[in-house]
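Here is a brief report on one structure.

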Amino acid sequence: MVCTRSFRTFGKGWIRLEAFWHMGERGDRRETALFGVGDDGALGVFSFTNDGKRSVGRLDDGSDAHPLAIAFEAQMPAGLARMLYWPAEDGDGFRFAVESRNRTGRNRFMLHTYRPRAAS
């Protein structure tokens, strides 16, 4: 599986994420997400995927995963999930994780490391 993520500004006060997942025989998946302040004044994420799923999340505390983590918690079709971003240990890129919540804590089921695209 290969995933690319691109972040760009989108209007005043919003960041737009375009993610493309190439999963071989399982096909491709696309996600568009907007990060910004919602109507309630809280920082949130609004995500839409090409398979028709969508989710709305709110800023959450991710300091248990990394002191500099930015985390969002969202109610997903499969249950409550937390998405986290934090700097890569070598300072070149960032880490991304997704965790579900269960009765004993959190279950991390995805962990990626992203590096800047080389200049072409």
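The largest nonpolar core has 16 residues, and Leu 17, Phe 35, Val 45, Met 83 and Phe 96 touch the most other members. A nonpolar core is a set of buried Ala, Val, Leu, Ile, Met, Phe, Trp, Tyr and Cys residues joined through side-chain atoms within 4.5 Å. Buried means under 20% relative accessible area, exposed over 50%, partly exposed in between (1.4 Å probe, protein chains only). Several strands (DSSP E runs of at least two residues, numbered from the N terminus) feature below.

| Element | Residues |
|---|---|
| β2 | 15-22 |
| β3 | 28-37 |
| β6 | 70-76 |
| β7 | 79-87 |
| β8 | 94-102 |

A second, separate core of five residues includes Ala 69, Ala 71, Trp 86 and Ala 97.

The model is predicted: local features need pLDDT of at least 70, side-chain atom pairs count only at pLDDT 80 or more, and totals for chains, interfaces and linings use all residues. Numbering runs from 1 along each chain as its sequence is written, and side-chain values use heavy atoms, without hydrogens or water.

Contact means heavy atoms within 4.5 Å. Beyond four places in sequence, Phe 35 touches residues including Phe 7, Trp 14, Leu 17, Val 45 and Tyr 85.

Ser 6 is found in strand β1 (residues 2-9). Its relative accessible area is 26%, so Ser 6 is partly exposed. Beyond four places in sequence, Ser 6 contacts Arg 16, Leu 17 and Glu 18. The C-alpha atoms of Ser 6 and Asp 28 are 16 Å apart.

Leu 43 lies in strand β4 (residues 43-49). Leu 43 counts as partly exposed because its relative accessibility is 33%.

Definitions and conventions. Helices (H or I, at least four residues) and strands (E, at least two) are DSSP runs, numbered from the N terminus.
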